Each structure stands twice: as C-alpha cells, then as structure tokens.
Amino acid sequence: MLELITYDENNEDIVSILGKKWLQDFLDICFSHADYFTLNRASWAKSTCKDLQLDLEPFLDQEIKTLNWFGYNKTSRPHTKDRTHALIYRAEASTKEILLRHLPNIFFRPEDRSIPYQTLEDLCFFFDGQLFIGSISHEYMLWAYPPNEEVELQLKQIADWSYVDRPTPNLEEYLRWKSI
C-alpha cells in the first residue's frame, strides 16, 4: 500500500502541494480505474456548504450508515448511535467534473478558513469491490492500494508516496455493517 500524509510536525496543513492541478491529475488516474467512489457526510460545524452534495445527488447509487468504514471503525461499540454516513456514487466523467468544480484540493479544505466546508469529505475510490484509494480529509491523509503496476506507476509520478504494509479493504466488508 502507498501512503501520502501531508500534515507536518507543527500541525500545519500543506494543501498547496495538492492543489487544483494535482487534483486534476489524481482524479484522471482514479476515474480511469474506478467504478464507484464514496464520500462521507462531514460532521464538522463548519461543514455547511451543500453545493457538492446537491450536484452529485443524481449519481447517488447507495447511502448507508455503518459502524465500519475506511478510517472509521466503531465495531467495538455496536450499541453507539454514532455511525459513519457513507454515500456511494457512480464513477463517471460527469461526477469527476463535479468534483473538480467544487473541490479546492483532495482534502476538500479551502485555504481561506473563513469559507464554509463542504458537507461531504473522505473521498475513496473502488474498483470491482476493492478499495484502491482512501482518504481521511480532516487528517490530511491519503492511501492508495494500486490494483496493478500501471496504476502504481501513475500514482508515483504525481506524488512522493511511502510504502506501508496493510491489507486492502473490501467494500463488502464495509457494507456488512450497514444500518440503513
């Protein structure tokens, strides 16, 4: 697995290296290999901008609340009401254009912190039921599980990834924990 963390030791985010041009290149790779992508509902008080969510609505394939999702595992507390609210969208050219129109960077955070955040975050991409890109927006973390060497080479051309040994998450495992 490849890992890209863009948070420095001073707790200052580094969104400039992953700006709009990088986002375009990254999404080109992702959309050429994905059949679905997911976004989670953001629970932050500043997450009030619904533009992205409304534009993606026609492409929504499934909506779930779950105890276990990429980056969020609440299965040790099965009786909690706290669930990850994941929205599963079809990966199409139209949805890529919508993401590009609304996102300033891969982590959804505007450089001007006075601007409201989107109501969605944590972009993940799936191909044939396997997660191959996962992110946790508020932590400025991004992981890739390249499905083949071609994708791995493409990703390495646009960022300085680190190798980490972790198993590849499976969409079916996440859907098993759904509650709606």
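Predicted model: local features only at pLDDT ≥ 70, side-chain atom pairs only at ≥ 80, totals over all residues.

Visitor: What makes the pair Phe 37 and Tyr 89 stacked?

Guide: Their ring centres are 5.3 Å apart and their planes stand at 25°. The limits are centres within 6.5 Å for a pair and planes under 30 degrees apart for stacking. Both values meet the limits, so the pair is stacked.

Visitor: Why is the pair of Phe 107 and Tyr 140 called edge-to-face?

Guide: Their centres lie 5.4 Å apart, and the angle between their planes is 65°. Edge-to-face requires an angle over 60 degrees, so this pair qualifies.

Visitor: Where do the two partners, Phe 107 and Tyr 140, lie in the chain?

Guide: Phe 107 is in the loop between helix H3 (93-102) and strand S8 (117-118). Tyr 140 is in the loop between strand S10 (130-136) and strand S11 (141-144). The pair links distant parts of the chain, 33 residues apart.

Visitor: How do you know whether Phe 107 is buried or exposed?

Guide: Its relative accessible area is 1%. Buried means under 20%, so Phe 107 is buried. Tyr 140, at 5% relative accessibility, counts as buried by that cut-off too.

Visitor: What is noted about the phi angle of Tyr 140?

Guide: Tyr 140 has a positive phi of about 55°, although it is not a glycine. Asp 122 is another non-glycine residue with a positive phi, near 60°. Asp 122 lies in strand S9, and its relative accessible area of 0% makes it buried.

Visitor: Why is Tyr 163 called exposed?

Guide: The relative accessibility of Tyr 163 is 54%. The cut-off for exposed is over 50%, so Tyr 163 counts as exposed. Tyr 163 sits in strand S12 (residues 162-163).

Visitor: Is Lys 21 buried or exposed, and what makes it so?

Guide: Lys 21 has 59% relative accessibility, and therefore counts as exposed. Lys 21 is in helix H1 (residues 20-31). Its C-alpha atom is 8.7 Å from that of Asn 105, a residue 84 residues apart from it along the chain.

Visitor: What makes the approach of Lys 21 to Asp 25 a polar contact?

Guide: The side chains of Lys 21 and Asp 25 come to 2.7 Å. The limit for a polar contact is 3.5 Å between N or O atoms, so the pair is counted.

Visitor: Why are the buried residues of H4 said to be on the same side?

Guide: Helix H4 (residues 149-158) has Val 151, Glu 152 and Leu 155 as its buried residues. They cover an arc of only 100° around the axis, which puts them on the same side of H4. The face turned away from that buried side carries the exposed residues Glu 149, Leu 153 and Gln 157.

Visitor: What caps the N-terminal end of H4?

Guide: Asn 148 does, with a side-chain oxygen 3.1 Å from the backbone nitrogen of Glu 150.

Visitor: Last, what lines the largest pocket?

Guide: The lining has 14 residues, and Arg 41, Ser 43, Lys 74, Arg 83 and Thr 84 are nearest the centre. By type, the lining divides into three nonpolar, five polar and six charged residues. S2, S7 and strand S9 (120-127) each supply at least two of the lining residues. The volume of this pocket is about 210 Å³.

Key. Residues numbered from 1 in each chain as written. Heavy atoms only, no water. Buried < 20%, exposed > 50% of the residue type's maximum accessible area, 1.4 Å probe, protein only. Helix = DSSP H or I, 4+ residues; strand = E, 2+ residues; numbered from the N terminus. Arc of directions from axis to C-beta. Polar contact = N/O pair within 3.5 Å; in protein donor to acceptor, adjacent residues only side chain to side chain. Phe/Tyr/Trp six-rings, centres within 6.5 Å; stacked < 30°, edge-to-face > 60°. 1 Å grid on protein atoms, 1.4 Å probe; cavity = no way out; pocket = protein on both sides within 12 Å on 5 of 7 lines; lining within 4 Å. Points joined across faces, edges and corners; volume = space filled by probe spheres on them. Nonpolar A, V, L, I, M, F, W, Y, C, P; charged D, E, K, R; others polar.
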